[in-house]
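Let us walk through this protein together, from its overall make-up down to a few individual residues. Keep the model open beside you as you read.

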Amino acid sequence: MAAFVKKLFPRALVIDHLLLEDLNPNEVYVNNYMYDNNDIEVRYAQALDPWRWTRGWVHAMGMAIFLSGIIAIYVALYLQDLRIDAARLRVAIGNADKFTRNKPEYVHRAFTDRMSTHLRAFTYKRRHSWVWRRMLGGMSLGMSMTVLVGWLYPTLYTFTQYPYYHVYAKYGPPGLASRAGMIAVATIPFIIALGMKANWITLVTGVGHERLNVLHRWLGLLCLFFSVVHTIPFLVEPVRGDWGDDKGSWTALREKLLHGKGNIYYWNGFAALGCILWMNIASLPFFRRWRYEFFVHIHIFTGVGTLATLFWHCHDKLSSWHYLWATVVIWTTSLAWRFLFKTNWFSSSGKWFSGDTGTITRLTDDGIKITITTRMKWRPGQHVFLRIPAISYLDNHPFTVASKRFGKSDKVAEWNDMVLVFKPYKGFTRKVFDISRQLNDISYKMLLDGPYGGMPRKLESFDTVLLIAGGSGITPVIAHLQDLCRKIRKGKAVTTDVRIVWTVKRFESLEWFKDEISVAARSVPFGLVHCQYFVTEESPVEFCDYPISATQQWPTSPAVASMKYPFHDSPTGDDDGKPPMPALPGTAPEQTDGIFRIASPPPSASAPRPNIGPDGQRLSYGPGDFGDEVMIEFGRPRLREGIRPWAEGFGRRTCIYVCGPESMKIDVSNAVARLQHDIWRRENQDREEVYLHTETFGW
């Protein structure tokens with residue numbers, strides 16, 4: 001008996017403790033749709049295998065626990081941030097209330113804060129290289145490390161266990177294929193959860209679906225990789241002749257696929273693999289930009305096809321259907337949550353797809369503004385998906401809300417004007433642009449889906465807030481600014497310093513929101529809001545080196561202002577090839593590293609200063625001093641070098657919010673990463689946190 005076992009099972013480790021009589025004839029040892037479960041050799045081989053086929057559920061469970069652990073880390077970090085912000089706001093509101101007897105104590109810096117700064121010094125960093133931006137989507141190093149770890153664990157788990165194949169193929173599925181297949185199935189629920197707009201993971205981590213979409217795509221690629229690894233061994237075995245007849249050939253593979261036992265599972269597996277392959281190809285950035293509408297609809301269709309063919313292919317073996325049914329539950333509940341509570345498709349009268357009325361208005365510099373009167377509730381910085389059936393029923397595009405919602409309570413739905421501002425590209429936005437140029441202020445019924453995204457933390461819990469925008473990236477900044485200024489007026493914020501940097505290509509683009517910024521700046525104590533605008537693609541002209549009022553002194557064109565120093569005579573330059581910033585009159589080049597210049601006194605400086613009340617509100621104005629002054633520059637802001645010297649004036653906790661092109665986000669991210677070292681080394685004892693939030697578009 002021992003000689004027989006050694007001959008058939010040379011890799012068996014323990015043969016003395018297992019007899020043929022010990023095998024249970026009623027137990028399933030292999031997939032009986034593809035293998036002969038009644039064969040004594042097959043059952044004996046499986047019984048000797050420490051990772052027999054019936055233990056395949058362990059592979060899937062390990063992957064599920066691993067991915068859940070990554071999510072748990074994000075949840076812990078999110079809860080810590082919420083705790084700190086809530087404590088700081090409680091202190092601010094308690095100290096502002098004169099009727100409070102026992103003033104709450106200030107929340108001091110904790111060890112977890114120092115650990116966070118150490119991590120941010122690494123995770124905030126981004127690379128400028130073309131390969132990094134094109135191949136990895138410009139991800140931060142922190143997100144890249146998350147993706148790397150997500151790939152490393154299952155890859156090592158799959159390829160470091162031996163043997164890959166059985167002695168004979170008839171003994172059961174190859175070990176390599178079993179591990180890879182179960183890992184691929186275990187990723188399906190997480191892929192769907194990360195890809196949904198109404199997202200359960202967003203609910204517990206605070207990370208918006210547009211950010212999670214990066215992980216959704218990488219996890220989908222991981223699923224494709226392990227699906228291929230699962231497929232290849234089954235194709236290799238007939239070619240190698242591992243079925244015991246030593247006649248391996250391509251003909252044997254052909255016979256196996258056409259007439260072999262369980263050949264249908266090869267073909268429905270190919271169908272599932274084809275759907276997964278197509279979804280990954282269609283998700284490449286160039287394809288999404290080329291045919292976004294086609295990508296969206298075909299992605300949903302092939303996603304349903306993938307799930308259906310996987311149900312057929314897995315055939316309720318091991319624990320595979322557990323993960324597929326979990327996918328169905330996540331998908332259906334997310335869709336129900338989205339359609340019932342995240343849309344304006346259903347009116348109070350019961351009429352379906354009624355929507356709300358919106359007006360399309362043309363703006364300067366090819367801008368488009370859509371104003372929708374709706375009862376939908378949203379927070380600053382969130383975005384909605386807009387569908388206009390009269391223009392294109394199938395197109396559903398995301399736009400950031402550029403207005404604040406006003407109302408007595410966040411829990412009561414009241415009528416508000418939702419403002420969306422954007423510039424046209426292709427497809428749907430180009431159609432809207434053409435209509436706005438032909439018929440201005442035309443109204444349509446509009447279907448909204450949202451809101452989604454937004455900033456997970458509260459701006460009002462930071463002492464200093466720096467808002468940086470590029471072009472139409474100003475839209476979320478406006479909503480945040482309006483909301484923050486309202487809370488400052490009501491004493492519900494600790495913020496004492498708000499700074500805005502807005503970069504546009506053309507001067508006329510500043511007309512979009514300069515009045516809204518002016519109103520917000522004049523509603524808070526004098527000098528709390530500082531603004532600087534940059535114009536990058538117009539010929540530099542002489543312009544004033546002091547702030548001007550955005551409402552009382554705004555020029556119709558930058559060329560009409562009286563200036564001293566033309567931009568092209570500036571002695572400073574930028575070593576990264578970007579246009580230089582204007583130099584200050586009478587200053588050396590090294591003194592211009594900051595974003596904001598030290599403005600020269602305006603001609604009206606001799607006039608009396610505004611009468612400031614005890615609460616910081618202006619009671620009257622002097623000539624040239626209106627409270628909504630802005631600095632206007634030509635060229636690009638030197639964000640990479642300018643943030644660090646400017647940070648000397650930051651408060652205890654600072655939030656830097658940036659929304660703009662990829663190069664702008666990279667510069668700001670790297671600058672903020674360098675600031676973390678100062679906090680970790682305790683060079684500035686009064687500075688506890690510099691937090692960065694970047695808005696992500698183009699998903």
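This is a predicted model: local features need pLDDT of at least 70, side-chain atom pairs count only at pLDDT 80 or more; totals for chains, interfaces and linings use all residues.

Residues are numbered from 1 along each chain as its sequence is written, and side-chain values use heavy atoms, with hydrogens and water left out.

The protein has 19 helices and 15 strands; these are DSSP runs numbered from the N terminus, with helices being H or I of at least four residues and strands E of at least two. Of its 699 residues, 53% are buried (buried means under 20% relative accessible area, exposed over 50%, partly exposed in between, with a 1.4 Å probe and protein chains only). Among contacts with a separation of 6 or more, 73% link residues 24 or more positions apart; contact here means heavy atoms within 4.5 Å.

Axes are lines fitted to C-alpha atoms, for helices over the stretch in contact, and angles run from 0 to 180 degrees between N-to-C directions; under 35 degrees counts as roughly parallel, over 145 as roughly antiparallel, 65 to 115 as roughly perpendicular and the rest as oblique. α7 passes α9 in a left-handed crossing (the near helix is turned anticlockwise from the far one by less than a right angle; clockwise is right-handed). Their contact has 18 nonpolar, eight polar and no charged residues, where Ala, Val, Leu, Ile, Met, Phe, Trp, Tyr, Cys and Pro count as nonpolar, Asp, Glu, Lys and Arg as charged, and the others, Gly among them, as polar.

How are α6 and α9 placed relative to each other? They pack at about 20° with axes 11 Å apart, and are therefore roughly parallel. Their contact includes Trp151 and Phe159 of α6 and Trp218 and Phe225 of α9. The loop between α6 and α7 holds Pro163, which a cis peptide bond joins to Tyr162, with omega about 0°.

Next come the cores. The largest nonpolar core has 62 residues, of which Leu467, Ile468, Trp502, Val529, Ile656 and Val668 touch the most other members. Such a core is a set of buried Ala, Val, Leu, Ile, Met, Phe, Trp, Tyr and Cys residues joined through side-chain atoms within 4.5 Å. Another core lies apart from it, with 44 residues, among them Met139, Ile191, Leu219 and Leu324.

Finally, some single residues. Gln676, in helix α19 (residues 662-680), counts as buried because its relative accessibility is 0%. Leaving out residues up to four places away in sequence, Gln676 touches Thr117, Arg120, Ala121, Tyr124 and Val690. In the loop between α13 (292-314) and α14 (320-341) sits His315, a non-glycine residue with a positive phi near 55°.
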